Amino acid sequence: MESGSRSEGFIHNPTIVLYTLSKTIAAEEVEERTEDVFVLDVRPTYSYREEHIAGSHNLPIYDQLAGDNFIGLDASLDDLPTDREITVVCFSGSKASKAAAYLRDHGYDAAALAGGITGWTGATTGSVQSTETDVAPAN
């Protein structure tokens, strides 16, 4: 059976809907608005340690996104800020789009970083740091 179904010329597929409902933000805009955004990096901790956007917060939900399992993100919703936009970062933007849509479904103002960490390093002069310690989301 197909994962999506056709009805009146439209394809109904939850993955497509998530991407459609998600919004993206350009790396340059995030760099300009660093005080206004909360950068949430959802990549695994080992990737975050290798490189990350300065000031970002790591919540490694990447592996949990298989099958749209948002247990880690759901458990951390209360730790995320409600007073500013959340920019979600992954490797290339696809997992961040899913996570941003999930956050928006739960009342947060969230957008995926266009192009992920690759887009950031290719489009900005913003700092990319490496660290040897875990960094969890700020309360």
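Strands here are DSSP runs of type E with at least two residues, numbered from the N terminus. Keep that numbering in mind for the stops below. The model is predicted.

**Whole chain**

Start with everything selected. The protein chain holds six helices and nine strands. It has 139 residues, and 43% of them are buried. Its accessible surface comes to about 7,600 Å². Carbon and sulfur atoms account for 48% of that surface.

**Thr87 and strand S7**

Select Thr87. This residue sits in strand S7, residues 85–89. Is Thr87 buried or exposed? Its relative accessibility is 0%, and buried means under 20%, so Thr87 counts as buried.

Next, show what surrounds Thr87. Leave out neighbours within four places in sequence. Thr87 is then in contact with Ile25, Val30, Ala111 and Leu113, among others. Its contacts also include Val37, Phe38, Val39 and Leu40. Hold on to those last four for the next stop.

**Strand S4**

Select residues 37–41, which form strand S4. Five of the five residues are buried, so the strand is largely enclosed by the rest of the structure. Colour the two faces separately. Val37, Val39 and Asp41 lie on one side. Phe38 and Leu40 lie on the other. Both faces are covered.

Which strands pair with S4? One is S7, in the parallel sense, over five bridges.

Select Leu40 and His57 here. His57 is the bridge partner of Leu40 in S6.

**Helix H5**

Move to residues 94–105, helix H5. How far apart are the end C-alpha atoms of H5? They are 17 Å apart. At 1.5 Å a residue, the 12 residues should span 16 Å, so the two values agree.

Now colour H5 by burial. The run from Ala96 through Ser97, Lys98, Ala99, Ala100 and Ala101 to Tyr102 and Leu103 is buried. An α-helix has 3.6 residues a turn, so residues three or four places apart point the same way.

**Last stop: Gly107**

Select Gly107, which follows H5. Check its backbone torsions. The phi of Gly107 is positive, near 90°.

Notes:
Residues numbered from 1 in each chain as written. Predicted model: local features only at pLDDT ≥ 70, side-chain atom pairs only at ≥ 80, totals over all residues. Heavy atoms only, no water. Helix = DSSP H or I, 4+ residues; strand = E, 2+ residues; numbered from the N terminus. Expected span 1.5 Å × (residues − 1). Buried < 20%, exposed > 50% of the residue type's maximum accessible area, 1.4 Å probe, protein only. Areas by Shrake-Rupley, 256 points an atom, 1.4 Å probe, with all protein chains shown as cover. Contact = heavy atoms within 4.5 Å. Pairing = 2+ DSSP bridges.
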